[in-house]
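Here is a short report on one protein chain. Keep the sequence and the 3D view open as you read.

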Amino acid sequence: MSSPLSGSAAIVGIGATEFSKDSGRSELQLACEAIVAALSDAGIDPSEVDGLSTFTAETNGEVLVARNCGLGELKFFSRIGYGGGAACATVQQAAMAVTTGVADVVVCYRAFNERSGVRYGLGQHDRPMDSTADRAAYAWMTPQGLSTPAQWVAMFARRYMHEHGATSEDFGRVAVVARKHAANNPEAWFYRRPITLDDHQNSRWIAEPLHLLDCCQETDGGQALVIVSAERAATLDNKPALIKGAAQGSGRDQHMMTSYYRPDITGIPEMGLVGRQLYAQSGLGPEDIDAAILYDHFTPLVLPQLEELGFCARGEAKDFIADGNLEVGGLLPSNTHGGQIGEAYLHGVNGIAEAVRLLRGTSTNQPDTAENIIVTAGTAVPTSGLILGVA
């Protein structure tokens with residue numbers, strides 16, 4: 001393998017709470033439940049954990065988590081910004097820490113009451129401004145009526161439709177596949193509740209051309225992952241998910257979901273950067289990938305991900321999807337857990353857990369072959385990605 005990082009660490013434990021709309025408990029309790037479950041799954045005692053990695057958006061501080069979960073001394077702790085773009089980067093940080101000997105057992109976690117608490121989908125319009133540069137950047141958007149994530153993505157979606165002839169139905173097919181997979185997943189919020197393309201088309205507008213069913217859920221819950229060295233992983237009971245590639249990417253003239261000033265706004269160049277690194281690190285290419293977990297907070301952004309990662313040419317994702325390639329029996333089974341549209345919105349960390357299940361052979365929508373899985377984090381923001389595989 002072409003990178004010292006590739007294959008040197010593995011995910012050996014996954015754990016989650018239930019996914020709900022009203023958890024009835026604190027975000028700290030959700031985080032701790034997920035972490036304890038992940039450690040139990042790995043067969044590792046909490047006292048062995050010496051590293052933590054999470055999001056800057058996480059409300060549960062490392063020392064609080066450590067005390068409440070019975071963790072030991074912490075030698076490593078890191079946080080990644082940019083919302084859902086951090087998901088795979090937390091694992092990258094954990095893998096680097098384990099590979100360099102900085103830590104031995106690192107837990108990545110994300111937990112929030114995103115439905116019953118602070119709802120990201122409500123946007124920025126009623127949030128107080130302050131003097132930070134990050135907050136001031138919103139002053140260029142909100143006065144123009146660009147306040148919510150759906151509104152920001154709608155601009156990209158409309159331009160993509162204009163450039164490539166995509167339609168609302170092309171976006172809807174992404175949602176239909178996600179809900180089909182969720183309907184077979186007992187842990188998914190939309191278990192046994194598939195939708196049709198007509199359902200999608202008849203759902204109300206959120207921000208044209210986005211329908212309600214183009215948008216991910218709002219979820220209360222927690223998810224955690226346990227990362228150790230490949231050598232340690234080989235001694236544990238679970239089949240390890242080797243981290244064959246782990247990368248971050250921020251493109252030229254990058255904005256936070258509003259990169260409208262590039263010469264072409266129908267692609268996701270930061271995801272292309274992530275993909276090139278993943279393939280270089282792992283020695284793999286698109287033809288070697290058996291399944292994908294694609295960040296689907298909004299359906300239109302799934303299409304350029306397929307293109308940036310080399311699964312189809314620019315503008316051809318709509319045809320790739322229409323041909324059934326995201327189905328379990330297709331060329332690239334995708335979001336087999338139901339994605340954030342069908343299972344839960346946990347900022348993408350639940351998608352990483354599904355990639356682990358695919359490699360273990362325990363997904364509720366298990367394809368015939370699952371030896372190399374690509375996972376992406378948030379789109380239209382500085383982002384990250386993984387290639388996980390079997391030993």
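Which residue in β7 is the bridge partner of Asn113? The partner is Asp220.

## About the model

This is a predicted model, where local features need pLDDT of at least 70, side-chain atom pairs count only at pLDDT 80 or more, and totals for chains, interfaces and linings use all residues. Residues are numbered from 1 along each chain as its sequence is written, and side-chain values use heavy atoms, with hydrogens and water left out.

## The sheet

Start with the strands. Helices (H or I, at least four residues) and strands (E, at least two) are DSSP runs, numbered from the N terminus. Strands of a sheet pair through backbone hydrogen bonds, either parallel or antiparallel. Two strands count as paired if DSSP finds at least two bridges between them.

Here, 9 strands form an open sheet with mixed pairing. Their order is β3-β2-β4-β7-β1-β8-β11-β10-β9. β3 and β9 (291-293) stand at the edges. Each has a single partner strand, so one side of each is left without a neighbour in the sheet. On average, neighbouring strands are turned by 25° against each other, direction ignored. Such angles are taken between axes, which are lines fitted to C-alpha atoms (for helices over the stretch in contact); they run from 0 to 180 degrees between N-to-C directions.

## Around β2

Buried means under 20% relative accessible area; exposed is over 50%, and partly exposed lies in between (1.4 Å probe, protein chains only). β2 pairs in the parallel sense with β3 (residues 76-80) over 5 bridges. Thr54 has Arg79 of β3 as its bridge partner. Between β2 and β3 the chain passes through helix α2 (residues 62-69), and this β-α-β crossover is right-handed. That term means that, with the strands pointing away from the viewer, the path from the first strand over the helix to the second runs clockwise.

β2 also pairs with β4 in the parallel sense, over 3 bridges. Gly51 has Val106 of β4 as its bridge partner. β4 and β7 (residues 220-229) run antiparallel and are joined by 8 bridges.

## Aromatic pairs

How many aromatic pairs does a search of the whole structure find? It finds 5. Rings of Phe, Tyr and Trp (its six-membered ring) pair if their centres lie within 6.5 Å; planes under 30 degrees apart count as stacked, over 60 as edge-to-face and the rest as tilted. Phe112 and Tyr345 are stacked, at 6.0 Å centre to centre with 20° between the planes. Phe112 lies in β4 (residues 106-113) and Tyr345 in the loop between α12 (339-342) and α13 (349-360), so the pair ties together parts 233 residues apart in sequence. Phe112 is buried at 2% relative accessible area, and Tyr345 is buried at 8%.

Phe156 and Tyr260 form a tilted pair: 5.2 Å centre to centre, 50° between the planes. Phe156 lies in helix α5 (residues 149-164) and Tyr260 in the loop between β8 (241-249) and α9 (269-282), so this pair ties together parts 104 residues apart in sequence. Phe156 and Tyr260 are buried.

## Charges over rings

A charge sits over a ring if NZ of Lys or CZ of Arg is within 6 Å of the ring centre and within 35 degrees of the ring normal. Arg110 lies over the face of Phe55, 5.0 Å from the ring centre. Arg179 has its charged end over the ring of Phe190, 3.7 Å from the centre.
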